[in-house]
Amino acid sequence: MTLEENIIQLLVEQADQCRQNARVPMTNFRVGAALITKNGKIFSGCNVELANYLYSICAERTALVKMISEGDDLPVAIAVIADTNNPIAPCGQCRSMLYDFNPDLLIIMATTRSSEVLIKTIGELLPYTYKRSDR
Ligand SMILES: [Zn+2]
């Protein structure tokens, strides 16, 4: 699947806007994400940190949880953005969860420091992944 440039830009903008809402008392590292579903709905998310860092949640998973709780179920692309030197990539836990929802999901990696974006499929970021069909 290819995405139109205006959709890519919209997702990056929505992700960056949501990034402002991040709750980051421990790291002060704000991350935003925004996904679009097959139905054309957009769900955004930010990272939410807790005093016990293990219970914190990333921006990407926040967006996925919002998508499910609002009754949608098939993300086709997700943008993630942070204030980093290079476009930020999802962590391992997020990659695993994103793959579970759509093995062909497009990951749009962005940074607040430039207009550079890197686009890969989740399968490229997480090769040789366990699949339910492998059972
Ligand atoms: Zn993550």
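The largest nonpolar core has 33 residues, and the members that touch the most others are Ala33, Ile78, Ala79, Val80 and Ile108. Before I go further, please keep in mind that this is a predicted model.

So where does that core come from? Two or more residues each are supplied by helix 1 (5-19), helix 2 (59-69) and helix 3 (92-101), and also by strand 1 (31-37), strand 2 (42-46), strand 3 (75-82) and strand 4 (106-111). Strand 3 makes the largest contribution, with six residues. As a general point, nonpolar side chains in soluble globular proteins tend to be buried together.

Let's stay with strand 3 for a moment. Seven of its eight residues are buried, so the rest of the structure largely encloses this strand.

What does Ala79 touch, once we set aside its neighbours within four places in sequence? Its contacts are Leu11, Val12, Ala15, Ala33, Ala34, Ile108 and Ala110.

Now, the strand partners. Strand 1 and strand 3 run antiparallel and are joined by seven bridges. For a landmark in that pairing, look for Gly32, which stands opposite Ile81 in strand 3. With strand 4, strand 3 pairs in the parallel sense, over six bridges. Here the landmark is Val80, standing opposite Met109 in strand 4. To get from strand 3 to strand 4 the chain passes through helix 3, and this β-α-β crossover is right-handed.

Let me zoom out to the whole chain. How many helices and strands are there? The protein chain has four helices and five strands. Reading from the N terminus, the order is α-β-β-α-β-α-β-β-α.

For 135 residues, a compact globule would have a radius of gyration near 14 Å, and the chain comes out at 14 Å, so the two agree. The C-alpha trace spans about 40 × 35 × 30 Å along its principal axes. Of the 135 residues, 36% are buried. And if you take the contacts with a separation of 6 or more, 59% of them are between residues 24 or more positions apart.

Technical notes: Residues numbered from 1 in each chain as written. Predicted model: local features only at pLDDT ≥ 70, side-chain atom pairs only at ≥ 80, totals over all residues. Core = buried A, V, L, I, M, F, W, Y, C linked by C-beta atoms within 7 Å. Buried ≥ 20, exposed ≤ 12 C-beta atoms within 10 Å, placed from the backbone. Contact = placed C-beta atoms within 7 Å. Rg over C-alpha atoms; globule rule 2.2 N^0.38 Å. Pairing = 2+ DSSP bridges. Right-handed = clockwise from strand over helix to strand, strands pointing away.
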